[in-house]
Structures are given as structure tokens and as C-alpha cells.
Amino acid sequence: MSTQKLATNALHAGHDVKANGGTRAVPIYQTSSYVFNDADHAANLFSLKELGFIYTRLNNPTNQILQDRLAAIEGGIGAVAFASGTGAIATGLLTLLKAGDHIVASSSLYGGTYNLLSVTLPRLGITTTFVDASNPDNFADAVQENTRAFFVESLGNPKLDVLDLEAISVHSKAAEVPFIVDNTVATPALLNPIKYGANIVIHSLTKYIGGQGNSLGGAIIDAGTFNWANGKFPEFTEPSAGYHGLKYHEALGAAAFTFKLILEGLRDFGAAISPTNAFNIIQGLETLPVRIKQHSQNALAIAKWLEQQEEVAWVNYPGLESSKYKSLADKYLPNGQSGIVTFGAKGGFEAAKTISNETKLFSLLANIGDTKSLIIHPSSTTHQQLDEAQQASAGVSQDLIRLSVGIEDIEDLKADLKEAFTKI
Ligand SMILES: Cc1ncc(COP(=O)(O)O)c(C=O)c1O
């Protein structure tokens with residue numbers, strides 16, 4: 001594990017300059033496959049007697065640098081990159097779970113993840129109990145005999161609820177199940193969930209880590225702290241039919257889950273990231289610590305300004321004194337609370353829709369974490385497939401507007417919103 005600090009790791013971790021032909025920038029290895037030295041070398045790679053590259057669906061030197069860098073930054077022992085954040089979440093859960101298993105999840109999740117857990121996974125026999133995550137004890141109360149994972153977002157999108165990760169991890173430890181934390185909105189530059197008991201951290205790299213809105217990607221970082229031999233995960237201790245009898249826990253110890261993600265998750269589901277996207281995301285990752293400070297500063301300034309506007313009914317940003325998450329933000333996000341702000345338009349659904357339609361600098365689109373400012377009205381767009389009660393438990397009200405505050409000049413951003421308010 002790296003002993004260097006965040007800003008240094010963001011620029012250097014995982015890139016062995018000498019081993020990569022002296023390249024100062026990370027090279028793009030745009031290849032699907034790798035020539036074996038001879039037939040024995042090929043056989044050894046397939047049987048894991050030797051580690052090396054076989055096929056880019058499983059791994060690639062550019063992707064490996066991204067993975068090692070993310071592991072260093074989050075404090076994990078290994079990481080695996082995927083084609084998108086959704087690819088990471090789906091592959092992670094399908095690698096871990098089987099029909100009959102159960103998840104306890106926060107109800108405040110990104111809409112796509114909520115749908116995966118509430119609609120798609122139940123079709124495969126994997127069910128989820130959603131709980132109000134503001135009370136950590138709710139996780140313990142929802143545990144069943146077949147529970148095999150806890151799943152939360154450290155900073156919920158779009159509810160912006162800061163979770164008490166440490167308190168929830170006490171319950172995941174008692175239930176002997178892995179604690180999975182989607183850390184996309186908080187970013188590893190502001191919060192490292194592994195420090196607070198997370199066993200597995202997930203990112204959509206599409207957001208702040210890539211940061212420029214140009215490439216999709218996802219990642220799973222394995223803390224290497226979960227005891228897969230506790231009797232609840234026979235797929236880790238019994239010979240794997242899917243990988244010629246390999247006993248993951250016995251053979252790979254703390255790295256068992258990382259290898260299972262590659263050897264079975266990527267092999268069978270195929271959501272591999274392209275090396276060019278990995279390169280683009282590495283470019284973003286290198287400046288993440290600097291960018292996220294500006295995102296956080298601008299978001300706090302916009303949130304404070306919005307609180308004073310007559311067209312605004314309420315403002316939600318964990319850094320505001322008025323936020324009910326302020327004390328948790330002080331503990332978990334002391335260096336900034338990232339770039340998402342939500343607020344309510346006084347005129348309700350129609351006024352909120354109008355504002356999202358009228359801004360010029362804030363682009364109307366379904367993404368977050370771009371350097372450029374973004375706006376959306378979730379109730380009529382990203383969350384329209386949920387009914388009103390489901391929208392409410394995900395933190396979406398009809399009047400809610402979500403801003404992803406970019407790093408433009410703050411006065412220009414205020415002027416853009418002010419002008420849009422005049423169109424209500
Ligand atoms: C918190 C969170 N997790 C996961 C995802 C899914 O990521 P992707 O769009 O890269 O599939 C998103 C996307 O918005 C998100 O906001």
C-alpha cells in the first residue's frame with residue numbers, strides 16, 4: 001500500500017515509468033490481446049501460476065495503472081475497473097451474490113442503482129430491503145438469515161444525505177456481511193470509506209474522477225478486510241466450478257474478491273473498460289484533488305446565495321449551517337462537501353422545470369461531476385419511473401432541482417441562475 005499522500009498518488013501511483021518505456025504520461029495500450037512467450041507461458045497464465053496479461057476483457061496495462069492508482073487513493077489492496085459505474089455495481093453484486101441472497105440498502109440511492117436492486121435483481125432471486133439510512137440501527141433491524149451485503153452511498157445522489165458510515169459498519173460487522181459503499185459523489189479526495197469500516201468501495205468514474213464529462217467508467221476497490229471464510233460465502237471457500245476448482249480464499253487470501261471480480265465477473269459479464277477511456281479517466285484523476293476543492297467552494301457559495309433568493313423554497317447542501325447533515329459532514333467531509341446542491345423552486349414542479357429549461361451556463365443534462373455546471377429536474381427526468389412515494393424516499397420532491405456546480409467563475413453562475421428565475 002502506498003504511503004504517499006493523496007495529491008502525489010493521484011499523479012504517480014501505479015505508473016512504473018521505467019517499465020513503460022520512460023513514458024511520463026500514462027500510455028494507452030490499445031490492444032485486445034497479448035502474445036504469449038510460448039505454450040507453457042500461456043498455460044501458466046491461464047492457471048494463475050504466473051500473473052500477466054491475457055486479454056483486455058480481463059486486464060490491460062493502461063487499465064491496471066488506473067486500478068492501482070484508485071486502490072492507492074482509496075486505501076484498498078486492489079481495484080478493478082469497469083465500463084461504467086453501473087457495470088461495476090452490477091458485476092460486483094453478481095460476483096458476490098446468488099439467488100436466495102438478500103441485501104440491506106439505503107433507500108437514498110442513485111435512481112439506476114435503486115432500479116437494479118428493486119426490479120432487476122429480484123428477477124434473479126436477489127432481494128433488497130431498503131431502509132432509512134439516517135438511523136444506522138435500521139440496518140441491523142433489516143438483517144435476515146440470508147443477508148449477504150449492506151449497500152449505501154456515502155453521500156446520496158440526489159438526497160445529499162451524509163451517512164454515519166462508522167455506525168453502519170458496526171452493524172455490518174455484527175451481521176458478518178460486506179459493507180459496500182458507493183463513494184461517487186463524495187470522491188476519494190474528500191472521503192475514504194475504508195477508514196470507517198467499508199469493505200468494498202464503488203465509483204462511477206464517469207463523474208468527478210474523470211471529471212470532464214467525456215468518458216464512462218466504473219471501479220470497485222477492495223479493502224481486503226472482509227473474512228470470506230466466515231461460512232456465509234461458500235463460493236470463496238469451496239472449489240470454484242467456474243475456475244477449475246480454485247479455492248479463492250485459500251489461494252488468494254485478502255485478494256480473493258479482487259481476483260474473483262476479474263476471473264469470473266469480467267470474464268462472464270464482460271463490462272471491461274476500454275483502455276482509451278481508462279486513459280481519459282487517468283487524466284481526470286490526476287487533477288481530482290485540485291478540482292474537487294473548487295467544486296466544493298463554488299457549491300457552498302451557490303448554496304449560501306440560493307438561501308437568499310426569494311424564488312427558492314429551501315436549499316440542501318451538507319456544508320450549510322442549516323443542513324441537518326452538517327455535523328456528519330464535519331466528521332466525514334471536513335475538507336469540502338463536493339459539488340452537488342439541490343434546492344426547491346417556490347412554484348413547485350412547473351417552476352422547477354422552467355428553471356432547468358432556462359439556464360445557459362448550467363447545461364440541462366443527466367450527469368454530475370463535470371467541470372462544467374449542470375442542471376436537472378429529477379422528478380420529470382431521472383426519477384420519472386418511480387412513483388411519488390419512491391421518489392420521496394430517494395429524496396426527490398416535485399419542486400427539486402439538482403445542480404452539479406462546476407468550476408466556472410462563481411459570479412457568472414449566480415447571474416445565470418438569477419436570469420433563469422426571471423422566466424418562472
Ligand atoms: C452515485 C452513483 N453511482 C453510480 C452511478 C452509475 O454510474 P455510470 O453512469 O457510470 O454507470 C451514478 C450515475 O449517475 C451515480 O450517481
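This short talk walks through the ligand site of a predicted model and then a handful of residues elsewhere in the chain.

Hi everyone, a quick word on ground rules. The model is predicted, so local features need pLDDT of at least 70 and side-chain atom pairs count only at pLDDT 80 or more, while totals for chains, interfaces and linings use all residues. Residues are numbered from 1 along each chain as its sequence is written, and side-chain values use heavy atoms, with hydrogens and water left out.

Let's start with the ligand. How many residues surround the ligand? There are 14, and the closest are Gly-85, Thr-86, Asp-182, Ser-204 and Thr-206. A residue is near a molecule here if one of its heavy atoms lies within 4 Å of it. By class, that shell holds three nonpolar, eight polar and three charged residues. For the classes, Ala, Val, Leu, Ile, Met, Phe, Trp, Tyr, Cys and Pro are nonpolar, Asp, Glu, Lys and Arg are charged, and the others, Gly among them, are polar. Helix α4, residues 85–96, gives the most to the shell, with three residues. Helices (H or I, at least four residues) and strands (E, at least two) are DSSP runs, numbered from the N terminus.

Now the polar contacts, meaning pairs of N or O atoms within 3.5 Å; within protein, one must be able to donate a hydrogen and the other to accept it, and residues adjacent in sequence count only if both atoms are side-chain atoms. On the backbone side, an N or O atom of Gly-85 lies 2.8 Å from an oxygen atom of the ligand. The side chain of Asp-182 places an N or O atom 2.6 Å from a nitrogen atom of the ligand. For Lys-207, a side-chain N or O atom is 2.9 Å from a ligand oxygen. The protein covers 92% of the 390 Å² of accessible area that the ligand has on its own. Those areas come from the Shrake-Rupley method with a 1.4 Å probe, and for residues only the protein chains shown count as cover.

Let's move to the backbone. Which residues does a cis peptide bond join? Asn-157 and Pro-158, with omega at about 10°. Pro-158 sits in the loop between β4 (147–153) and α7 (165–175).

Two residues other than glycine have positive phi values to show you. Thr-187 has phi near 70°, and its place is the loop between β5 (179–182) and β6 (200–204). His-244 has phi near 25° and lies in the loop between α8 (234–237) and α9 (248–252). Buried or exposed, what is Thr-187? Thr-187 counts as buried, because its relative accessibility is 1%. His-244, by contrast, is exposed, with a relative accessible area of 57%. The cut-offs are under 20% relative accessible area for buried and over 50% for exposed, with partly exposed in between (1.4 Å probe, protein chains only).

Gln-391 is in helix α14, residues 388–393, and is buried at 4% relative accessibility. A polar atom of the Gln-391 side chain lies 2.9 Å from the backbone oxygen of His-383.

Ile-273 is in the loop between α10 (256–269) and α11 (275–306), buried with a relative accessible area of 3%. Its C-alpha is 7.9 Å from that of Gly-218, 55 residues apart along the chain.

Ser-169 belongs to helix α7 and is buried at 2% relative accessibility. From the C-alpha of Ser-169 to that of Pro-193 is 10.0 Å, with the two 24 residues apart along the chain.

Finally, Leu-417 in helix α15, residues 410–421, is buried with a relative accessible area of 0%.

Thanks, and I'm happy to take questions.
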